[in-house]
Amino acid sequence: MFARKKYLENADPRGRDLGTKKIGEVPVKAGQSKTKRVIQTRRAAFGDITNATKDKTIEDGKKKIALPIKPIAKTQITTTNTKNTRASIKAKEVKKEQDLKRSVSTSSVNVSTTSVQVSSSQESSASSQVLKNLAAGVPADRVEEDFSFVIVEDTCEGEKLDLQKSGSEKTDLQEPEKSLLSIDQELYTDVFNVGIYAQDIFEYYKRREKMFTIPPYLGSKHCQISPSMRAILVDWMVEIQENFELNHETLYLGVKLTDIYLSRVKVDKEMLQLVGAAALFISSKFDERFPPMIEDIIYICDNAFGRDEFIQMEMELLRKVDFDLGIPISYRFLRRYAKIARMSIVTLTLARYILEMSLMDCQFMVERDSKMAAATLFIAQKMKNEGSWDGEIVKGSGYELKDFKHLIAPLNKMLLSLPTLPSSLSTVRGKYSHIVFHEVAKIPPLPTEELLK
């Protein structure tokens, strides 16, 4: 039915002779061998791959007309010989089959009527949803995503039935969940803070941390990068972040991408700056609304690398991280924990200062970002004498003091040694000594024994 004529069956409109070409040969260029191809002359019938009823075909000249098989009528089942018992038995069997079909058809009609009623109710609900969408400014043909696969583990206490004095039952669906944190209950209806999903989002971040653990690659035989080289690179990345006024998330993601790449690829020390610049450029395109241009990054590198070389490093870095840029970073956990504990902006800024200083220390790159955020916020709490690590902050972070206690002493030792740092590592301290950051870098650290009380 979908016939395709062979090559020589198409007559030439100019009357040229095409008989010199052989059937099945494809014209090729000079110097190439001729290859034969199998020409499909007819497409396979659709009935071969479906459960459709086979049709009878009758020939009408050269064309074939498909006619459906007509059902056998009762009048056609007759016998010319009344003594033929086989024909009479067959007629009885056909009659029984027809009676059975009638009963099945009546039941199917009943089912169809019920299905029509259900479909009409569904159409009415769909029409009401369309009206709601139009009233809310949503397109009428919008299709909502099916979230029926979501499994609810805990029972929502806000949706339990409350017995009133009259004995009637009432379901309060507008009340927020009691299992949520207090800050999430306050932001329950805020679409920009998504209080109903905030805790689940950060629990998901904590599960993804296992995918981006960084081994202690510095000091190994295949690595030519020393801890001091890495510290200078991170300090330079902080300077870029400050000059271009990038988000802090961009800086943390750039440092994380750099460590992941250096732990998987052997890099010469001459290419270290290129790796850090490419990582920061990728993270800026992932997090910034207006990322810097590639020419700006190359200029910051003092034109030490060309444009093609920079793009090649960018592609190589993306391949090594498998294009997965949704990496949990410690800065996001810190903001979440400070919101739960209701910390002041000065305490939060002090914790940010400690956390940003820890980026330059290679001993902290192997730790989980969620624990680093908890440890820095705990030290800032103690330094500002604001609150304690208990209550909702333990529930929101999932960590008690014993879980990150091993990080407190090294972090405080880092703070105590800041005055002895060289000038090449002073960008972070100078940044947080400004009045914009409440001069938190000038706050003297506490003794380690007082922190571990």
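Predicted model: local features only at pLDDT ≥ 70, side-chain atom pairs only at ≥ 80, totals over all residues.
Hi everyone, let's start inside the protein: helix 5, helix 10 and helix 11 each give at least two residues to the lining of the largest cavity. Residues are numbered from 1 along each chain as its sequence is written, and side-chain values use heavy atoms, with hydrogens and water left out.

Back to that cavity. By cavity I mean a set of points, on a 1 Å grid over the protein atoms alone, where a 1.4 Å probe fits but cannot get out; lining residues have an atom within 4 Å of a point. Grid points are joined across faces, edges and corners, and the volume is the space filled by probe spheres set on the points. The structure has 2 cavities of 30 Å³ or more, and the largest has a volume of about 190 Å³. Its lining is made of 17 residues, and those closest to the centre are Lys256, Leu359, Phe364, Met365 and Asp369. Which helix gives the largest share of that lining? Helix 5 does, with 4 residues.

Let me zoom out for a moment. The protein has 15 helices and 4 strands. Of its 453 residues, 32% count as buried; buried means under 20% relative accessible area, exposed means over 50%, and partly exposed is in between, with a 1.4 Å probe and protein chains only. Contact, for this talk, means heavy atoms within 4.5 Å. Among contacts between residues at least 6 apart in sequence, 70% join residues at least 24 apart.

Now the core. A nonpolar core is a set of buried Ala, Val, Leu, Ile, Met, Phe, Trp, Tyr and Cys residues joined through side-chain atoms within 4.5 Å. The largest one has 94 residues, and Leu257, Tyr353 and Phe404 touch the most other members. Take Leu257: beyond its neighbours within four places in sequence, Leu257 contacts Ala279, Ile282, Ser283, Leu317, Val321, Leu325 and Ile327. Phe404 turns up again among the partners of Ala375, which, leaving aside neighbours within four places, also contacts Leu407 and Leu411. Ala375 sits in helix 11, residues 369–384, and is buried, with a relative accessible area of 0%. Ala375 and Lys405 are 30 residues apart in sequence, yet 7.5 Å apart in space, C-alpha to C-alpha.

Next, helix 4, which covers residues 227–243. With 17 residues, helix 4 reaches 25 Å from its first C-alpha to its last, close to the 24 Å expected at 1.5 Å a residue; that expectation is 1.5 Å times one less than the number of residues. Its buried residues include Arg230, Asp235, Trp236 and Gln241. What do they pack against? The partners are helix 5 (248–264), helix 6 (272–287), helix 7 (294–300), helix 10 (345–358) and helix 14. You can see the helix 14 side from Thr427, which lies in that helix, residues 427–431. Thr427 touches Asp235, Val238, Glu239 and Glu242, not counting residues up to four places away in sequence. Thr427 is itself buried, at 16% relative accessible area. Just after helix 4, Glu245 takes a positive phi of about 55°.

Asp322 is not a glycine, but has a positive phi of about 60°. Asp322 lies in the loop between helix 8 (307–320) and helix 9, and counts as exposed at 61% relative accessibility. Arg342, also not a glycine, has a positive phi of about 55°. Arg342 is in the loop between helix 9 and helix 10 and is partly exposed, with a relative accessible area of 42%.

A quick stop at helix 3, residues 198–208, where Ala198, Gln199, Phe202, Lys206 and Arg208 are buried. Their cover includes helix 2 (182–186), helix 9 (330–341), helix 11 and helix 12 (392–397).

Last, the cysteines. How many disulfides does the structure hold? There are 0, taking a disulfide as a pair of cysteine sulfur atoms within 2.5 Å. Cys223 counts as buried at 13% relative accessibility, whereas Cys362 counts as partly exposed at 23%. Thanks, everyone!

Terms used: 1 Å grid on protein atoms, 1.4 Å probe; cavity = no way out; pocket = protein on both sides within 12 Å on 5 of 7 lines; lining within 4 Å.
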